[in-house]
Amino acid sequence: MNIKPLADRVLVKPMPAEEKTVGGIIIPDTAKEKPLQGTVLATGNGTKDEEMVLKEGDLVLYGKYAGTEVELDGEKYLIMRQSDVLAVMG
């Protein structure tokens with residue numbers, strides 16, 4: 001994979017959704033909650049108004065509807081603005 005986000009955008013690999021069972025019933029993938037944390041895989045250079053503070057490898061929390069989902073090589077990723085990231089977990 002060779003993708004470089006532009007400006008103040010970051011590429012995030014979401015954590016896998018947790019497998020949940022309710023009384024022995026397995027919840028299908030389509031009904032699972034979207035994960036709200038992931039790992040930054042690549043960052044843009046920032047803008048003249050906003051310095052890039054995130055870096056590759058950061059574990060981040062983001063909003064439920066943040067970013068745009070993209071699929072590369074069968075894997076799902078999110079591209080979002082740095083301002084959509086709520087916190088860095090450390």
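Strands E1 (9-14) and E7 (75-81) pair in the antiparallel sense over four bridges, where strands are DSSP runs of at least two residues, numbered from the N terminus, and pairing requires at least two DSSP bridges. Within this pairing, Val10 stands opposite Met80 of E7. The model is predicted, so local features need pLDDT of at least 70 and side-chain atom pairs count only at pLDDT 80 or more, whereas totals for chains, interfaces and linings use all residues. Residues are numbered from 1 along each chain as its sequence is written, and side-chain values use heavy atoms, without hydrogens or water.

E7 also runs antiparallel to strand E6 (residues 68-72), to which five bridges join it. Thr68 has Ile79 in E7 as its bridge partner. E6 and E7 form a hairpin with two residues between them, and Asp73 in the turn has a positive phi of about 55°.

Val10 and Met80 both belong to the largest nonpolar core, which has 11 residues. Such a core is a set of buried Ala, Val, Leu, Ile, Met, Phe, Trp, Tyr and Cys residues joined through side-chain atoms within 4.5 Å; buried means under 20% relative accessible area (1.4 Å probe, protein chains only). Strands E1, E5 (59-62) and E7 each give two or more residues to this core. Met52 is another member. Beyond its neighbours within four places in sequence, Met52 is in contact (heavy atoms within 4.5 Å) with residues including Val10, Thr43 and Gln82.

Turning to the rings, the charged end of Lys13 sits over that of Tyr77, 5.3 Å from its centre; the criterion is NZ of Lys or CZ of Arg within 6 Å of the ring centre and within 35 degrees of the ring normal.

Conventions
Buried means under 20% relative accessible area, exposed over 50%, partly exposed in between (1.4 Å probe, protein chains only).
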